[in-house]
Amino acid sequence: MKKKLVSILFAVMVLIVSIPKYSFAAEGGKVIFINMNRTTIQAMQDIPSLNKELENRGYMGLMNIRGDQGTDDKRSLASMGAGGRANLASDSYINFKESSKEDKAIYKSATGKIPKKINDLSINQSLNENEMNGQYGSTLGSLGQTLSDNNFKVAVLGNSDIVENGEVKENRNICLIAMDNYGRVEDGNIEDINVEDATMPFGIRTDYDKLTTETKTLYENNNALFIDLGDTYRLDQYKGYLNEQTYSKMKKAIYNNISQYLESVFEMVGDNDVVYIASAYPSKLAYKNKERLSPIIKFKGNEKGLLSSSTTRRDGIVANIDVGVDILNEFGLKNDAMVGRVYSLIQQDDNLDFLLDELQKMATVSNIRANVVNTFVGVISISWVIGMIAILFKNRIPNKEKVFAILKEFIKLGIIMPLAFLLAPIFNFKTPVAMTIGIIITTLILYALGRVLFKDDLKQMGFFALVTIIVVVVDCIFGTYLMKNNIMSYDAIVGARYYGVGNEYEGVSIASPIFAFAILLNYNKKLPKWSIVIASIVILITSAYPTMGANVGGSISQTAAYLLFIMLIFDVKLDFKKIVLICISIVGVVGAFAFLDIVSGSESHLGLFVQQILLNGPSTIIQTFARKIGMNVKLAQTSVWVNILLAGIFIIGIFIIKPPKQFRMIAKKYPMIFKGFIASMVGCIVTLLVNDSGIVAASTASIYILIPIIIISINMLVLENKDND
């Protein structure tokens with residue numbers, strides 16, 4: 001009896017232990033990724049079965065498409081598979097083939113690796129190109145390799161072949177997302193999937209009967225299936241040969257075919273499966289119209305909403321580098337070398353309307369950004385030069401008091417505009433005309449407010465600087481909405497930054513508070529200096545904290561500038577030891593914020609940088625700073641921001657020569673303000689050294705140095721007998 005009881009208990013224990021194992025296996029689903037390339041988010045709604053599915057479920061997002069060393073279809077797909085921005089060889093060296101006996105021999109002799117069913121016969125070209133010229137250290141094929149290493153089977157299906165001059169030009173770039181580190185895919189069909197059809201672009205189309213049949217077969221035999229529909233790409237490439245009527249007819253036929261295919265996919269997949277439908281690259285028209293974010297949809301479960309990720313921290317906005325990481329996450333896998341982030345699923349019923357609204361705003365900003373910023377920089381630079389020349393020839397200017405009074409107001413606009421750009425998004429304008437009008441109205445309101453509150457020029461400028469840094473701090477605390485949506489800041493289409501304090505406002509956050517504090521100390525002798533220390537710490541925290549400003553270069557530059565300013569206002573004698581102390585403090589501040597980033601799991605740029613150092617060693621530091629130097633060299637040659645620095649050098653150079661001892665006169669009359677100038681200049685130099693767009697940050701910081709110097713000089717040298725109080 002006892003033996004039977006023991007046997008029963010043992011059997012129950014085995015069963016209990018076994019249940020989690022088998023239930024987990026049952027819960028594990030499969031992944032299907034469908035590339036509907038060159039399709040907009042609006043066009044996807046014209047596919048009946050997809051639109052029907054989206055009415056009830058699906059998480060939608062707009063995807064940044066940037067690659068490394070360029071932006072195109074193949075780099076976007078490769079970046080998905082690499083989990084980081086990837087570089088590739090030219091089209092002629094991307095040569096995926098289903099293995100014949102001869103191709104297998106060619107591949108093995110070139111790579112030394114055992115071929116699989118599908119191989120890139122020229123993979124070494126892309127591997128070498130990415131390694132030698134890539135700026136981000138991404139590893140091609142990380143997604144496929146990680147799946148393969150963990151015994152998950154991967155397959156690809158379809159192509160985007162076109163016909164040129166009677167010859168088929170092969171495009172099997174879908175393999176770039178699915179391949180392993182050596183350009184191999186285990187299973188699939190990329191050769192025999194098209195049929196001739198004279199009514200379709202280039203006289204060919206996808207064979208949807210075969211596509212449907214093989215999708216079911218490959219779905220049953222593999223864990224992850226990557227599909228290229230092909231026809232949407234061909235339609236976009238062929239559009240120039242069509243008129244509006246024939247284009248609409250072909251588009252309707254293609255979308256009907258796709259609708260039937262997607263209907264079969266939705267019927268086929270299980271409850272635990274995940275389906276991604278994406279466009280690796282926008283259509284030519286969308287790209288031309290600055291709508292350079294491609295749609296991606298994730299079907300998981302029965303809810304609907306928006307996609308987001310730690311890469312962007314923006315509802316509805318993601319990056320192509322997130323795709324591979326999210327797919328791995330569906331299998332419970334992770335590759336630390338992949339810098340993309342897992343998707344967050346945000347429930348929202350009006351997801352499509354929200355995304356269309358966001359896309360319109362971002363496209364508008366991208367459309368007018370260059371013209372508005374160029375005008376702003378041009379006006380500032382020219383006004384400085386005119387002001388300096390006018391000072392030099394002041395005795396030759398008739399009615400100079402009125403001329404200089406008007407000139408001063410014109411120059412002061414430069415210190416108002418960063419605040420105007422920052423506040424204009426409050427209006428939530430979407431069209432180019434409305435956004436421009438919004439900026440003009442904001443500028444005029446601020447100018448009038450400054451004139452009403454203060455008659456003194458320095459008080460006016462100090463007021464604008466103080467309000468600017470207060471708005472920056474508050475915006476950082478509440479999610480940087482203003483920073484994300486203003487024309488002078490970053491935008492998701494460029495993809496250099498998605499959240500936090502951007503390079504333009506990094507410079508503002510360095511110099512505007514120092515100038516504002518200097519003005520306060522100049523006019524309020526009773527203001528306790530320790531309050532400046534506390535305010536500086538608050539600004540530094542909000543600018544650098546991973547979940548707020550998240551600006552590493554800004555934290556370094558701010559620490560140096562703020563510490564120097566504090567030492568100067570407390571009359572601390574600077575020597576070698578004090579300089580070393582500042583350097584140690586910078587390292588300590590960066591280390592502290594890096595620790596907080598990693599511990600909190602916020603996954604900002606700083607934490608990611610530290611993780612990459614731990615993973616890849618010191619070479620990451622060299623690679624990162626090489627990229628920063630290269631970016632600054634490029635900006636020095638191409639960016640309009642460099643004009644501000646050149647104008648600033650011109651002004652400082654003139655003041656050193658003529659009028660003589662001008663800086664000494666300013667230092668004597670306004671000692672606190674001059675100390676602020678010194679600290680801000682040091683901040684400019686530091687940000688030039690440590691930031692990948694240091695020229696931009698140094699330029700915006702110099703606004704709060706050079707404009708006050710010019711205004712003070714006009715008052716001292718030209719209008720000293722006038723009442724400026």
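This is a predicted model: local features need pLDDT of at least 70, side-chain atom pairs count only at pLDDT 80 or more; totals for chains, interfaces and linings use all residues.
Visitor: What share of the residues of the chain counts as buried?
Guide: The chain is built with 28 helices and 17 strands. It exposes about 31,800 Å², of which carbon and sulfur atoms supply 60%. Of its 725 residues, the share that counts as buried is 55%.

Visitor: How many residues of H28 are buried?
Guide: A residue is buried when its relative accessible area is under 20%. H28 is largely enclosed by the rest of the structure, because the number of its residues that are buried is 24 of the 24.

Visitor: Is Asn119 buried or exposed?
Guide: Asn119 lies in strand E4, residues 118-120. Leaving aside neighbours within four places in sequence, its contacts include Asn95, Phe96, Tyr107 and Arg184. Its relative accessibility is 0%, so Asn119 counts as buried.

Visitor: Which helix holds Ile437, a member of a nonpolar surface patch?
Guide: The patch, of about 520 Å², is made by Phe427, Phe429, Val433, Ile437, Ile441 and Ile445. With a relative accessible area of 42%, Ile437 is partly exposed. The helix that holds Ile437 spans residues 432-453 and is H16.

Visitor: What percentage of the contacts with a separation of 6 or more is accounted for by residues 24 or more positions apart?
Guide: Contact here requires heavy atoms within 4.5 Å. Among the contacts in the chain with a separation of 6 or more, residues 24 or more positions apart account for 75%.

How values were computed:
Residues are numbered from 1 along each chain as its sequence is written. Side-chain values use heavy atoms; hydrogens and water are left out. Buried means under 20% relative accessible area, exposed over 50%, partly exposed in between (1.4 Å probe, protein chains only). Helices (H or I, at least four residues) and strands (E, at least two) are DSSP runs, numbered from the N terminus. Patches are made of residues with over 30% relative accessible area and no salt bridge: like charges are joined within 9 Å, nonpolar side chains (Val, Leu, Ile, Met, Phe, Trp, Tyr) within 5 Å. Accessible areas come from the Shrake-Rupley method with a 1.4 Å probe; for residues, only the protein chains shown count as cover. A salt bridge is a side-chain nitrogen of Lys or Arg within 4 Å of a carboxyl oxygen of Asp or Glu.
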